[in-house]
Amino acid sequence: MTRSVLITGGTSGIGRAVAARFAADQAEVFITGRHADSVERTAKELGVHGVVCDATDPGQVAELGVRLGETLDVLVNAAGGLAGSEPAPADASPLEALSVQWQVSLAQNLLSAVLTTASVQDRFTSGGSIISIGSIGAERRGGSYGAAKAALAAWNASLSAEVGPRGITSNVISAGYVAGTDFFRGQMTDERHSALVHETHNKRPGTLDDITETVYFLASRGARHITGQTIHVNGGAFTTR
């Protein structure tokens, strides 16, 4: 039976890799992104459905729910990332500028998942899976980004209790350093790369496959009794102090 899969932030990085993984399994995949050109291009390249949607905008997220079919099997909340250079007003005080930064981080990394999940929650079938992409930054030096990811994990625990009686699981994947993405926006140096790899037990960076295969497992029949959890996928870096 063909599964229906929705992936937010599916035009690049982890989201795109997850979309490719489910598409290879012949699932009916929907990806979202904020920019029409990248959504259209990625959907064509992967052979999936593309929907332009800013997951932080309640109106756009409500319209997204209408675009999907009647049922949904898997939701992957992959939208998020470091807050960009969204400027505060020119006359903003330092505290006002700080407030803007934190609000952007919370919107991108927490509210996007909360809104999307709420908009499609009634479409889930028994046996469905909700998987949100978190970060090791939730526990270690994460600033506003890490705080938002920590809140994502806290929300996931309550969501799991809410949807569990319907046979739906909900988990967070706490990713460590993953090479092959533009997460650091060109700011990754050789020194920082080496330091992050050194923190791991297996002395290598994470890969997109590490994350996508964990997502795929959590959405499988073999993971039906795993819910309300934060799964650390970081090569042991989380335990390093």
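In helix H7 (residues 208-218), the buried residues are Ile211, Thr212, Thr214, Val215, Tyr216 and Leu218; buried means under 20% relative accessible area with a 1.4 Å probe, protein chains only. Helices (H or I, at least four residues) and strands (E, at least two) are DSSP runs, numbered from the N terminus. This is a predicted model, in which local features need pLDDT of at least 70, side-chain atom pairs count only at pLDDT 80 or more, and totals for chains, interfaces and linings use all residues. Residues are numbered from 1 along each chain as its sequence is written, and side-chain values use heavy atoms, without hydrogens and water.

| Element | Residues |
|---|---|
| helix H1 | 13-24 |
| strand S4 | 72-77 |
| strand S5 | 124-135 |
| strand S6 | 169-175 |
| strand S7 | 230-233 |

A nonpolar core is a set of buried Ala, Val, Leu, Ile, Met, Phe, Trp, Tyr and Cys residues joined through side-chain atoms within 4.5 Å. The largest one has 28 residues, of which Ile7, Phe22, Val29, Ile173, Ile211 and Val215 touch the most other members. H1 gives the largest share of this core, 5 residues. Leaving aside residues up to four places away in sequence, Val215 touches Val18, Phe22, Val76, Ile131, Ile133 and Ile173, where contact means heavy atoms within 4.5 Å.

H1 also packs with H2, at an angle of about 30° and with axes 10 Å apart. The two helices are therefore roughly parallel, a term for angles under 35 degrees. Arg16, Ala19, Ala20 and Ala23 of H1 meet Thr42, Glu45 and Leu46 of H2.

Note on methods. Buried means under 20% relative accessible area, exposed over 50%, partly exposed in between (1.4 Å probe, protein chains only). Axes are lines fitted to C-alpha atoms, for helices over the stretch in contact, and angles run from 0 to 180 degrees between N-to-C directions. Angles under 35 degrees count as roughly parallel, over 145 as roughly antiparallel, 65 to 115 as roughly perpendicular and the rest as oblique.
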